[in-house]
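Biologist: I would like to learn how to read a structure of this kind, one feature at a time. Could we look at it together?

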Amino acid sequence: MARRIFLGLDTHRLALVILFVAVFAMAMRVPTDTDTWWHLQAGRVMVESGRVLTTDLFSHTRYGAPWVAYAWLSQVILYLLFHHLSYVGLGLWIGGVLVAAFVFVYLQMEGDVFLRAFIIVLAALTSAVIWAARPQLISLLLTSVLTYILYLFKWRGVNRLWLLPPLFVLWVNLHAGYALGFMVLAAFVAGEALNRVLWLLEPTLDARSEGGDPGRGRDPVLGWRGLGWVVGVALLSALVLVIHPNTTQMWTYYLDTVRIGVLQDFIQEWQSPDFHQLRAQPFIWLLLATLAAAGLSGRRIDGTDLALVGGFAYAALLAGRNIAPFAIVAAPALSRHARPILEGWARTARSRGWLRARRLAVRRPSPRKALLNWTLLFLILAAAGVKAALPLRASFNRAHERETLPLGAIEWIREQQPDGPMFNSYNWGGYLIWHLWPDYLVFVDGRTDLYGDELLRQYLKVHFVKPGFYTILNQHGVNFVVTEAGSFTDNFLALDDGWILAYADDVAVVYVRTER
């Protein structure tokens, strides 16, 4: 038995293991972003109180107002991980979620392990723009699970659609990105309807049996009955969204958030991607690779692939937060067209004697090669462990926070205890909630759904020192300001006799009123 396991690690299995170890290692970075912290605080309050939050407790501008804890279950999980395992818990959660997501993507793909691995790495790089300990990451995983269930139904003739309603019940309690699931379902139905129309119009396919034959280059096409199943299950999935502490509000919650105009005007992840930044450019590579492969493969693109890739590319170009789900749906489509291209090139190369004839039988590696494979695997695992060790250390994360977040200002506030209320930078709201609540309430934080356009525009008016900003500060009784060093607010208040600079470092400044 031990010998069989030892010799079983051939080159293909080694490549597969290395692939997912690499995805896990890629995920090992500073696990938090600025929004992570209010999610953690919400989770802590719910764990300690034993109830789901329904009103705002963290801001003085919306205190007591109704608030939809749309990700309450994820927040509880994240807090428990952080409480018991600190940054290690958050990092392992990110790595585990991402590996699981790309396993489901891998299962939908065509081609050998090396082609799939290349595409998975490209898709991982593309999706990395959202890799942080936030509930948003769960939607990436559940999108891949949903597309896998639909893949089984269409490409393998395996009906697991009954899993969709419980999947959406879980999804709606984990994150509001359940809307992505309905985007996938809508694209799937539209794509299959297009396939049916093309199937009827194209005379060369009139002898094709429903379901198709991918082995002969003919992709499966669902019948109208199959489409009816998908539509029916999608409607049932929409109905069960009410199985949530906020019940029927979840039917329209996502639309209420998207309608906030400031999201597109000010919040980076809701804006069109800035492709001058290197981290956004893998999206371009993946999109162009998919288009090129579809054009060169000689295989007509499947309607569902067309609808999914086209629809999510459109969404990603409108808002950077949609880049990650685009990677999930594009990777299988790319593989379906890259495989025949590479196989055609290989046949040509073999016919010209450039490559040896392909072996039909798969042989186990010799003991010497097996030993080499195991050695490589242990070296890769060791390297991944070293890669993960530093960014998950508490001391490293605290140093990073001191360099990028207002940790010094928070320590000053705790020591000096200035009278509130405070005005704070939007990006720092979550971090201030984690460290200063309940002693101090924030002016604003990443919960845009709570604040809405009116309050967020008030914030922007103060942040950019526009006419009327003093009225807003007075309206909310602001007594001290925590903002970025060198910001518009910092530069203006430095010249205003009504405020005194009470604290300053390279990251943050704190101004306190000298008069009312």
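Biologist: Which backbone oxygen does the side chain of R29 reach?

Modeller: Before I answer, note that this is a predicted model, in which local features need pLDDT of at least 70 and side-chain atom pairs count only at pLDDT 80 or more, while totals for chains, interfaces and linings use all residues. Residues are numbered from 1 along each chain as its sequence is written, and side-chain values use heavy atoms, with hydrogens and water left out. A polar contact is a pair of N or O atoms within 3.5 Å; within protein, one must be able to donate a hydrogen and the other to accept it, and residues adjacent in sequence count only if both atoms are side-chain atoms. Here the side chain of R29 reaches the backbone oxygen of A128, at 3.5 Å.

Biologist: Where is R29 found, and which residues does R29 touch?

Modeller: Helices are DSSP runs (H or I, at least four residues), numbered from the N terminus, and R29 is found in the loop between helix 2 (11-27) and helix 3. Contact means heavy atoms within 4.5 Å; leaving aside residues up to four places away in sequence, R29 touches A128, W131, P391 and L392.

Biologist: Is T61 buried or exposed?

Modeller: Buried means under 20% relative accessible area, exposed over 50%, and partly exposed in between (1.4 Å probe, protein chains only). T61 counts as buried because its relative accessible area is 11%, whereas R29, at 31%, is partly exposed. T61 is found in the loop between helix 3 (36-49) and helix 4, and a polar atom of its side chain lies 2.7 Å from the backbone oxygen of F443. Beyond residues up to four places away in sequence, T61 touches V442, F443, Y451, L455 and H476.

Biologist: How many residues does the largest nonpolar core have?

Modeller: In soluble globular proteins, nonpolar side chains tend to be buried together. A nonpolar core is a set of buried Ala, Val, Leu, Ile, Met, Phe, Trp, Tyr and Cys residues joined through side-chain atoms within 4.5 Å. The largest one here has 152 residues, and those with the most contacts inside it include W131 and Y178. Its largest share, 15 residues, comes from helix 4 (residues 72-107).

Biologist: Which residues does Y178 touch?

Modeller: Not counting residues up to four places away in sequence, the partners of Y178 are S139, F168, W171, V172, L241, M250, Y253 and Y254.

Notes:
Helix = DSSP H or I, 4+ residues; strand = E, 2+ residues; numbered from the N terminus.
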